[in-house]
Amino acid sequence: MTMNVYESISALEEVFRYAKLYRSVPLAIVNRKVVMPLLSHDVDRDWFTLLELIEAKTLDWVHHSVAVGILASLIGKRMQLSSMDRQSLLTAGVLHDIGIVLIPSEILHQPDFNAEYWEVYENHTIFGYQLLKNTIGISHHQALVALEHHERVDGSGYPMKKSGEQMSLFSKIVGFADALCGYLESSEVPCGRVSLEQMMTMLPDSFFRSFDPMLVSVVMGVETS
Ligand SMILES: [Fe+2]
Ligand SMILES: [Fe+2]
C-alpha cells in the first residue's frame, strides 16, 4: 500500500480523536493531511488500494472511513463529476461515520448487539450531521452524507426512512460505497485482485435492491445515456 494511504489513515485517527474530545471537526487537518494525500494517489490503483485495506482486516472505523472515501471518489470519477465535486465527495466519504465518536464506547464494544443498542448506534448519523453542519467549510450536501448514508432508495433505511427522491446524490454514492465496503469487510468474498466490475458480478442480487439502479449501472461499468 502506498505511503499516501498510511498518512491519511493516521491523520484521520487524529481527526476522530479530536472530534471525540472537542466535539468539533478539525477540517484543516482533514483537507491537508487526509484528503490531499489521497488525491495525489494514483487513481487507477484506487480500487486495489481499497482491497488491500479491507484484506488487512484492521477493521476499525478509520480504515473503513478511508476505504469508503476512496470508493466514493472512484464512483464519482465514473459518473464524470468535476474534480471539485470529487474532492468534496472524498471529504464527505472519509467523514461519513464521524458521528460514531459520540456513541458511548461501551455500546460500540458490546458483543451482544441487541435492539436497544442498535437504536443508540443509529444515532451516529444524526450526531455526524450535527458535527458537520457546525463545521465552517463543510457544505450542506457534505453534512447530509453523514445523516443519509444509511437511508435507502426504497425507504428501508434509517434514521428517517427517506426515499430515493429525498436523498442527495452524494448520500446515494457514499451510502453505496459504505454498503459495499461493509459487505467486503464482513464476508468471506475472496477479494484477490478482482476488478470492481468482477466484484459486482460476485454479489447476490439482494445486495443491489435498495440502491439507485442508475448508480449501480455506473459502478458495474454499464454505459448509461
Ligand atoms: Fe454509518
Ligand atoms: Fe460506514
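## Helix packing and buried residues in a predicted model

Helix H4 passes H5 in a right-handed crossing. The model described here is predicted.

**Helix H4 against H5**

The axes of H4 and helix H5, which spans residues 83–94, come within 7 Å and cross at roughly 155°. An angle over 145° counts as roughly antiparallel, and H4 and H5 are therefore roughly antiparallel to each other. On the H4 side, the contact is made by Ser-65, Val-66, Val-68, Gly-69, Ala-72, Ser-73, Gly-76 and Lys-77. On the H5 side, Asp-85, Arg-86, Leu-89, Leu-90, Gly-93 and Val-94 take part. By class, the residues of the contact of H4 with H5 are six nonpolar, five polar and three charged.

**Helix H4 against H10**

H4 also packs against H10, at an angle of about 130° and with the axes 8 Å apart. That angle makes H4 oblique to H10. H4 passes H10 in a right-handed crossing. From H4, the contact involves His-64, Ala-67, Val-68, Leu-71, Ala-72, Ile-75 and Gly-76. From H10, it involves Ile-173, Val-174, Phe-176, Ala-177, Asp-178, Leu-180, Cys-181 and Glu-185. The contact of H4 with H10 has 11 nonpolar, two polar and two charged residues.

**Helix H9 against H10**

Helix H9 covers residues 140–148 and helix H10 covers residues 169–186; their axes come within 8 Å and cross at roughly 45°. This makes H9 oblique to H10. H9 passes H10 in a right-handed crossing. His-141, Gln-142, Leu-144, Val-145 and Glu-148 of H9 meet Phe-170, Ser-171, Val-174 and Gly-175 of H10. Sorted by class, the contact of H9 with H10 has four nonpolar, four polar and one charged residues.

| Helix pair | Axis distance | Crossing angle |
|---|---|---|
| H4 and H5 | within 7 Å | roughly 155° |
| H4 and H10 | 8 Å | about 130° |
| H9 and H10 | within 8 Å | roughly 45° |

**The nonpolar core**

The largest nonpolar core has 52 residues, of which Val-66, Ala-67, Leu-71, Ala-72, Ile-98, Ile-173 and Ala-177 touch the most other members. Helix H4, residues 61–78, gives the most to this core, with nine residues. Ile-173, on the H10 side of the contact with H4, touches Ala-72, Ile-75, Gly-76, Leu-89 and Leu-215 when residues up to four places away in sequence are not counted.

Ile-70 has its place in helix H4. A residue is buried if 20 or more other C-beta atoms lie within 10 Å of its own. With 26 C-beta neighbours inside 10 Å, Ile-70 counts as buried. Not counting residues up to four places away in sequence, Ile-70 touches Leu-38, Asp-46, Thr-49 and Leu-50. One of these, Thr-49, is 21 residues from Ile-70 in sequence and 8.6 Å away in space, C-alpha to C-alpha.

Leu-132 lies in helix H8, residues 124–133. Leu-132 has 28 C-beta neighbours inside 10 Å and so counts as buried. Leaving aside neighbours within four places in sequence, Leu-132 is in contact with Val-25, Leu-95, Ile-98, Ile-138, Gln-142, Ala-143 and Ala-146. Among them, Ile-98 is also one of the core residues that touch the most other members, and Gln-142 takes part in the contact of H9 with H10. Leu-132 and Gly-99 are 33 residues apart in sequence and 8.9 Å apart in space, C-alpha to C-alpha.

**Backbone features in the loops**

Arg-23 lies in the loop between helix H1 (3–22) and helix H2 (27–39). Its phi is near 55°, a positive value in a residue other than glycine. With 13 other C-beta atoms within 10 Å, Arg-23 is partly exposed.

Gln-80 lies in the loop between H4 and H5. Gln-80 is not a glycine, yet it has a positive phi of about 60°. Gln-80 has 9 other C-beta atoms within 10 Å and is exposed.

The loop between H9 and H10 holds Pro-159. A cis peptide bond, with omega of about 10°, joins Tyr-158 and Pro-159.

Key. Residues are numbered from 1 along each chain as its sequence is written. Chains are lettered from A and ligands numbered from 1 in the order in which they are written. This is a predicted model: local features need pLDDT of at least 70, side-chain atom pairs count only at pLDDT 80 or more; totals for chains, interfaces and linings use all residues. Axes are lines fitted to C-alpha atoms, for helices over the stretch in contact, and angles run from 0 to 180 degrees between N-to-C directions. Helices (H or I, at least four residues) and strands (E, at least two) are DSSP runs, numbered from the N terminus. Angles under 35 degrees count as roughly parallel, over 145 as roughly antiparallel, 65 to 115 as roughly perpendicular and the rest as oblique. A crossing is left-handed if the near helix is turned anticlockwise from the far one by less than a right angle, and right-handed if clockwise. Two residues are in contact if their C-beta atoms, placed from the backbone, lie within 7 Å. Ala, Val, Leu, Ile, Met, Phe, Trp, Tyr, Cys and Pro count as nonpolar, Asp, Glu, Lys and Arg as charged, and the others, Gly among them, as polar. A nonpolar core is a set of buried Ala, Val, Leu, Ile, Met, Phe, Trp, Tyr and Cys residues joined through C-beta atoms within 7 Å. A residue is buried if 20 or more other C-beta atoms lie within 10 Å of its own, exposed if 12 or fewer, and partly exposed in between; C-beta atoms are placed from the backbone.
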